[in-house]
Amino acid sequence: TPYGQYGVAAGGGGTEIEVFYAAKNFMGRIIGSKGVTINDLQRRSGADLQINQDVPPGRECEITIRGPRPAIETAKQMLREIIEVGPNHPYAGGGPPANSGGYQQGAYGQ
């Protein structure tokens with residue numbers, strides 16, 4: 001590969017590459033239903049995220065983050081938040097379950 005794994009510049013334009021490691025059991029939450037969460041992270045951070053789940057048992061999955069340094073830092077912060085906060089994270093696909101048993105206010109008309 002023409003670049004190193006840890007923030008070595010790849011070509012011009014200030015684009016860097018960094019690998020973020022996360023346990024396989026977090027991948028569903030990070031990717032989200034039909035990719036909604038990972039797409040939201042890419043849109044918000046401005047970085048490109050590629051997930052490699054094809055790792056040996058017991059190894060952490062690799063999320064390759066490409067972009068300008070500030071975008072990479074933003075993406076890493078958001079990934080950490082999703083892992084630490086859990087399913088109620090503030091990004092697309094997070095939050096309380098859609099039908100959490102709460103009633104809709106004003107649903108019964110006047």
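Q: Two strands pair if DSSP finds at least two bridges between them. How do you know that β1 and β3 pair?
A: This is a predicted model, where local features need pLDDT of at least 70 and side-chain atom pairs 80 or more, while totals for chains, interfaces and linings use all residues. Residues are numbered from 1 along each chain as its sequence is written, and side-chain values use heavy atoms, without hydrogens or water. β1 and β3 have 7 bridges, so they meet the rule of at least two. Their pairing is antiparallel.

Q: What makes β1 and β2 edge strands?
A: The open sheet has 3 strands, in the order β1-β3-β2. Strands here are DSSP E runs of at least two residues; helices are H or I runs of at least four, and both are numbered from the N terminus. β1 and β2 (48–52) each have a single partner strand, so one side of each lacks a neighbour in the sheet. From one strand to the next, the twist averages 20 degrees. Helix α3 packs on this sheet and touches β1, β2 and β3. The direction of α3 makes about 10 degrees with that of β1.

Q: Why is T37 called buried?
A: Buried means under 20% relative accessible area (exposed is over 50%, partly exposed in between; 1.4 Å probe, protein chains only). T37 has 0%, so T37 is buried. This residue belongs to helix α2. Beyond four places in sequence, T37 contacts R29, I30, I31, G32, I82, H89, A92 and G93 (contact: heavy atoms within 4.5 Å).

Q: What describes the packing of α2 and α3?
A: Two packed helices are described by the angle and the distance between their axes. The axes of α2 and α3 come within 9 Å and cross at roughly 145 degrees (lines fitted to C-alpha atoms over the stretch in contact; angles run from 0 to 180 degrees between N-to-C directions). α2 supplies T37, L41, R44 and S45 to the contact. α3 supplies A71, T74, A75, M78, L79 and I82.

Q: What makes a set of residues a nonpolar core?
A: Its members are buried Ala, Val, Leu, Ile, Met, Phe, Trp, Tyr and Cys, joined through side-chain atoms within 4.5 Å. The largest such core here has 19 residues. I30, L49, I63, I65 and L79 have the most contacts inside it. α3 gives the most to this core, with 6 residues. Beyond four places in sequence, I63 touches E18, V19, F20, A22, M27, I30, L49, Q50, I51 and L79.
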